[in-house]
Amino acid sequence: MTKFIKRGYLVLVLLFLYVPIVVLILQSFNAGVSRAKWEGFSLKWYADLFQSPAITNALYITVTIALLASFFATIIGTAAAIGIHAMRRRPQAAMMTLTNIPMTMPDIVTGISLMLLFIFTRVQRGYVTMLLAHITFNIPYVILSVLPKLKQMNRHSYEAALDLGATPGYALRKVILPFVMPGVITGALLSFTLSLDDFTISYFTTSPLVQNLSTLIYSEARKGIKPTMNALSALMFVALLILLLAINRRANKAQETKTNGGTR
Amino acid sequence: MISMRFPPWAIGAMILGLAGFAVMVAANVRQNRGVKRSLFAYPYSLWMVVFTIIPLLLIAYYAFTDRSGQFTLENFRTFWDSNHEMNKQLAELGFDPAALGGARGTVNVDTLVYSLWMAFLCTVICLFLGYPAALFMADRQFRLGATLVILFIIPMWMNFLLRTIAWMSLLEDNGLINSILTALGLPRMQLMYNSQAVLLGMVYNYLPFMVFPVYNALSKQDYRLSEAAMDLGASPILTFWRVTMPLSLPGVISGITMVFMPSVTTFFIPRVLGGGNTEMFGDLIERTFLSADNWNVGSALSLIMMVLILMSLTLLRKVDPEGEGGSTI
Amino acid sequence: MAERPQLIKLEDVSKQYDGAEVLSDINLYIRKNEFVTLLGPSGCGKTTTLRIIGGFEHPTTGRVLFDGQDITGLPPYKRRVNTVFQKYALFPHLNVFENIAFGLKVAKRPKDEIKARVEKLLTLVNLKEYGRRSVESLSGGQQQRIAIARALVNEPEVLLLDEPLGALDLKLRQEMQLELKRMQQRLGITFIYVTHDQEEALTMSDIIVVMREGYIQQIGTPKDVYDEPKSAFVANFVGESNIIRGTMLKDFLVSFCGAEFQCVDKGFGRNVPVDVLIRPEDLQVVEEGQGMLKGTVRSVLFKGVHYEMIIDTGEFSFKVHATTMQPEGAGVGLSVIPFNIHIMRPMPVELVEEEEAGE
C-alpha cells in the first residue's frame, strides 16, 4: 500500500513536469494555429521550419554558439581544473572562490554586468560578445565537473608516471587526461546544453540583429508563438535525447569492457 | 554577422596578459622542472578577471555614480523612493512636491518585498513537493531511482521559455483546463495573469533543482545508519526524523539555494504568466536598464539584489559549512 | 667483507612546509645493495625523506647525492630510482601489461623488447597470465606485485617503497615480506623501504633508520636498534619495553626501584640520572623472596607464545613475558641478569610526558 502511494506520488510529480511538454509537441502537429483546439494532424509546421529565415538563422546562431562556447570553455576549464588541483591550499581556495562567484551570481546580474563591460569598452554587442558571455558562464561548470575526477585520482598516479621516466607533458597526456576524460565530457555536455538553453545572459549580451532561439522566442512571445517554433524545439528535444542516449550507451559499454577485464 | 571593434587599449591589455603568461612559462621551463601545472589556471584567471571581476566592479561603479560620473548615493535613494528624482526636479522648477501629492514612491521596495515573498513561497512549495519525491526515489528497495533522475532532467532540455509558454495554452481563458471545465459543465476560472500562475510557473521550472541535490544527499547516505537507528528501537518515523532527515540537510540547503536564487531574479515567467500585473525584481532591473535606460539606478538595484543573495548564502553556509550538498546535475 | 660504495647520500637535508619544519638536518648514506628501512610513527618525516630521494619534493636546504653526483634539482623522470607507491598508484585506464610497459613505452623501446621484458617481470611476480586483466579486477596482493613489477621495469639502481604492504592483511603481509627480501637479494638492487611497522623493519632490513618528528633518532642494524636503543623513544617504538627512571651510581652499577643492580654499561659518570631499559622477555619471574625485586601480579594475559603479566613492585609496574604463569594477586620475585639491563641517556621530561600522553 505505501509502495503504491509512493509510486503514485512520483508519477504525479513527473506528470506535472511532462504535461506542458506533451502539449507543446501536440501543438506542433496541430493543423490549426489555435493553441487549445485540435484541428487535425499535420506536418506543415515542420515543413514551414526551413522556410523561415528568422528561425533557421536563430538555430544556426544557437547551435554554433553552443558548440564554440562549450569547446573553448572545455579547454580553458579543463586546464584550469588541472592547474587549480596542483595548487597549494591558499591559492587553491582563492581560485575556488573566484569560480564560485559566477555560480552564485544570478543570471540577470551576469548578463547586465557583461553588457556594461561591452558598452564601457565600446565593443558592439553581437555574435562575438554573446559567445564570450557563454564561454564565461560555462567555464565554472567544466571546472566543477573535472575537479572531482582529479580528486578521485590516486595522488601518486602522476608521480608514478614521472618516476617511470615520463616528462610532465607526457604524464599529463597519457595519465591525467585519460583519467579525467569522463569529467571533461560531462563538462562539455553540460556547457553545450546550458548554452543551448540560455536566455537571460544572451538577452543582455547580444543585439536585436543577432538572435538565438531563446531571444527570438522572447521577442515573439507577446505576438504569440507560431507552432513552427514548437516544431523546432520538438525536433531539438528529440535530437538531444538521441545524442545523450547514444553517449550513455557508449559509456555503459566502456564500463562493461572494463569490468570484463578488457578483451582484445 | 560578426561585427565588433576592440578599442586599442583592450587589445594592448590582452597582449600584456599573454606576454606575462609566456614569461612565466619560459621561466619555469628554464628551471628544468617542466611547466608547473598550477600555471594551467592562468588563462582562466585572466578570463575571469576580464569577464567577471571587472564587470562586477562596473556595476558597483555605475551604482555609486550619476550620469556625469560623479560619486553619488542618489541611486539608492531612488530605490527607497521611486519618486525621488521626479520630486527633485519638481523642486528645482520651483514647485512644492508635497503640494502636488508627490509622496514617497514605494514601487521599488514593494517589488523587492513581493519578489522575496514569491521566491520564499516557491522554495517552500518546491521543498514540500520535491523532498518526498527525492526520498521515494532514494529508497533502496526502489530500483528505478537512477532512471527517474534522468526523467527529471529530460524536461529541462526543452527550451524553458517555450515550456513556460506551454503553460499558457493550459491556463488561458479558452485553454485546455478551462475547456475541460466547461465540458464538465463547470464555470470557467481565471487562471492566468495572477500571482498563482507565476508561482506555478516558477515551481514548474525550479522543482528539479530541489529534487537533484536532495536525492544526491539521500542516496549517498549509508543505509546502515537508518538500520542502526531501527536496531536501537527507533520507529521508521523517528528514524527518518532523527537520522535520515538531519543527514540530508546539506542537500536541502543546496536545493534551497538553487531554487531561491533564480526565483528572486526571474524576469521572464512573471511577464508571460503574470501579464503586466505582477512585476518582480528581475523585471524591474531589466526595465530600468533597457526601457528606462537608467544604468545607474539599474546598477544600484542589481547591487542591492546581489547583497541580499550573498547575505542569504552566508546564512545558509553557516548551516552547511562544508557545502557538501553542493551538487549540480 | 669489503665496504660497499655509498650510492645515495643526503647531506644536511631539511624541509619546510609553510614555515613548519618537517625534516631537520638529515644526514644519511645508503650503500649499494643495502636494504634500508626508514622507520617511525606517522609524521616523523620518513615519507618526505623518501620523496626527496625520488625527486617529488625538493629539500629546503641540503643536497642529495647519487653516485657522488648532485641530483638535488633533478626531476623524478631523470633519476635512476623508481618508486612503489602507497596504495600502488596503478594507472586505472591501462591494463596490467600496459601498466608495466609504461616506463618502457616512455623510453620508446622497440615493441618486441617491451613484450619480452614485461613477460619476464610478470613471471618474476608470479602473475604470468594476468597481462590483459584490468588492474581494478585484481586483489590487493596482486596489485601490489604489479606495482613492484612496474617500478622494476626500467631496471633502477634503487627501488623506493612507501609502505607497500600497508593495505594487505597480516598473513599476506608476512608472505610478501619474505618475497620482497628474496627479490632484493636476487636482483641486487638497493631497497629503501618506508614503514611504521617495527616488526616488518626488523625482519627485512640490513639497516634501520629510526625517525621521529623530522629527526633521525638512530641508525643501525636491526640487532643494534633492538638491543642497544639510543633512547627511550627508540626502545619503546622498536619492541616492547620497561623503561624505568634510575640513577647511574658509577660505572657498572645502577640503582632503580630502590635496589642496586650490576650492569655492563659505563661512561655515564657518577650519580647521574638515566633511563633503564629492560625488555619484558628479559625479566625472570622467581619465587617470592628470591630475586632482586618483589612484587604482585596485577594481571595476566595469554598471548599464544607466552603469557604477559603486569607485576607491580610498588615503584614500577613491570611488563613481563614468561612461558609459565602466576595467578593474579600472587606475590613473586623478579630477577634480571646484568647483560640485559640497558642504560640510556634520559629523554628530556617534556618528551617523556608527550610520549606517555600519546599512548
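How closely do the axes of helix H6 of chain A and helix H2 of chain B approach, and at what angle do they cross? Select residues 127-152 of chain A together with residues 42-63 of chain B, and you will have these two helices, whose axes come within 11 Å and cross at roughly 120°. Helices here are DSSP runs of H or I with at least four residues, and strands are runs of E with at least two, numbered from the N terminus; axes are lines fitted to C-alpha atoms, for helices over the stretch in contact, and angles run from 0 to 180 degrees between N-to-C directions.

Before going on, note that this is a predicted model, in which local features need pLDDT of at least 70 and side-chain atom pairs count only at pLDDT 80 or more, while totals for chains, interfaces and linings use all residues. Residues are numbered from 1 along each chain as its sequence is written, and chains are lettered from A and ligands numbered from 1 in the order in which they are written.

H6(A) contributes Leu132(A), Thr136(A) and Ile139(A) to the contact, and H2(B) contributes Tyr44(B), Trp47(B), Phe51(B) and Thr52(B), where two residues are in contact if their C-beta atoms, placed from the backbone, lie within 7 Å.

Now turn to chain C, where 25 residues are in contact with 20 residues of chain A. Strand S6 (81-84) and helix H2 (96-106) of chain C each supply at least two residues of the side that touches chain A, and the largest share of that side, three residues, comes from H2(C).

Finally, select the open sheet of five strands in chain C, which has the order S15-S19-S16-S17-S18 with antiparallel pairing; two strands pair if DSSP finds at least two bridges between them. Strand S15 (284-287) and strand S18 (317-322) of chain C stand at the edges, each with a single partner strand, so one side of each has no neighbour in the sheet. From one strand to the next, the twist averages 50°. Within this sheet, strand S16 (residues 293-302) and strand S17 (residues 307-312) of chain C run antiparallel and are joined by six bridges, and Leu301(C) has Glu308(C) in S17(C) as its bridge partner.
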